[in-house]
Amino acid sequence: MFITFEGIDGSGKSTQIKLLENYLSELHIEYISVREPGGTEFSEQIRSILLESKHSINAVSELMLFESARSDLVEKIIRPSLEKNIIVIADRFFDSTVAYQGFGRQLDIENVNICNNFAVGNCIPDITFLLDLPLDLAKARINHLRLDRMESSSNDFFERVFEGFLEIAKNNPNRVKIIDATQSKEQIFENIKTILHQKFPKIFYNAG
Ligand SMILES: Nc1ncnc2c1ncn2[C@@H]1O[C@H](COP(=O)(O)OP(=O)(O)O)[C@@H](O)[C@H]1O
Ligand SMILES: [Mg+2]
């Protein structure tokens, strides 16, 4: 099973992933967690270019770097794990590319989808939790000392990204579940658990 978490920065992805990891551990269900971009030596190098570069990167080049990092991660970690029936949890995956590079940077969405599909092949998430939190609330939750390259984009950019995520959810209603991220951490995780139990009863048959 391949589970991805999406949403703007500060929407609570890392927090919910931690809760899910603890839950799976308690149930003795095997999993691995990956973050994007990164997760392999090569992809982590690309991550530092993408997030720390002092130089501007044009939008197409940025898109290709994300896809390059993703493709390596899929081939070396995600696909082999799924083949061994290990649950894979990803902190961001290809929906983020549609939201940030497609809607945010305003690259042609169809081209972004083509690049995404080329990079991941048949490795499509079984379920995606979109943590839906208004921008101002997300900003209030994160106390940035230092913004990385992506995070220092304009407000308009983040508005488009936010709307982009909702559009993706609308277009993929079976896969992408919108979670109201204004709730408490515990309430949000209860929603996530309920959806997972419903969708994957065999995996969670021994869960209370
Ligand atoms: N439901 C919540 N209510 C209030 N604060 C939260 C909630 N979920 C996460 N936070 C806090 O908001 C901040 C950002 O959460 P985080 O999980 O790091 O988001 P992301 O990984 O999406 O950027 C953290 O300080 C976290 O403790
Ligand atoms: Mg995070």
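Guide: The discussion below takes up the ligand, the pocket, the backbone and the cavity in turn. Please keep in mind that this is a predicted model.

Visitor: Let us begin with the ligand. How many residues surround ligand 1, and which are the closest?

Guide: A residue is counted as near the ligand if one of its heavy atoms lies within 4 Å of it. Here 13 residues surround ligand 1, and the closest are Gly10, Lys13, Ser14, Thr15 and Gln183. By class, this shell holds two nonpolar, seven polar and four charged residues.

Visitor: Which backbone atoms lie close enough to ligand 1 to count as polar contacts?

Guide: The test is a pair of N or O atoms within 3.5 Å. For Gly10, a backbone N or O atom is 2.7 Å from an oxygen atom of ligand 1. On the nitrogen side of the ligand, a polar backbone atom of Gln183 lies 2.9 Å from a nitrogen atom of ligand 1. A polar backbone atom of Lys185 lies 3.2 Å from a nitrogen atom of ligand 1. As for burial, ligand 1 taken alone exposes 560 Å², and the protein buries 72% of that area.

Visitor: What space does ligand 1 take?

Guide: Ligand 1 takes the space of the largest pocket. That pocket contains about 670 Å³ of space.

Visitor: How many residues line the largest pocket, and which lie nearest its centre?

Guide: The lining consists of 31 residues, with Asp9, Lys13, Asp91, Arg92 and Glu151 nearest the centre. The lining comprises eight nonpolar, ten polar and 13 charged residues. At least two lining residues come from each of helix 1, helix 2 (41–52), helix 3 (59–83), helix 4 (94–104) and helix 8.

Visitor: Where is the cis peptide bond, and what is its omega?

Guide: The cis bond joins Glu36 and Pro37, with omega about -15°. Pro37 belongs to the loop between strand 2 (31–35) and helix 2.

Visitor: Finally, how many cavities of 30 Å³ or more are counted?

Guide: A cavity differs from a pocket in that a 1.4 Å probe fits inside but cannot get out. The count is one cavity of 30 Å³ or more, and the largest cavity holds about 50 Å³ of space. Its lining is formed by Gly7, Ile8, Leu130, Leu131, Asp132, Leu133, Phe162, Phe165 and Leu166. Strand 4 (127–132) and helix 7 (155–171) are the elements that give two or more of these residues.

Visitor: How do the residues of that cavity lining divide by class?

Guide: Seven are nonpolar, one is polar and one is charged.

Key. Residues numbered from 1 in each chain as written. Chains lettered and ligands numbered in written order. Predicted model: local features only at pLDDT ≥ 70, side-chain atom pairs only at ≥ 80, totals over all residues. Heavy atoms only, no water. Polar contact = N/O pair within 3.5 Å; in protein donor to acceptor, adjacent residues only side chain to side chain. Areas by Shrake-Rupley, 256 points an atom, 1.4 Å probe, with all protein chains shown as cover. 1 Å grid on protein atoms, 1.4 Å probe; cavity = no way out; pocket = protein on both sides within 12 Å on 5 of 7 lines; lining within 4 Å. Sits in = over half its atoms within 2 Å of the grid points. Nonpolar A, V, L, I, M, F, W, Y, C, P; charged D, E, K, R; others polar. Points joined across faces, edges and corners; volume = space filled by probe spheres on them. Helix = DSSP H or I, 4+ residues; strand = E, 2+ residues; numbered from the N terminus.
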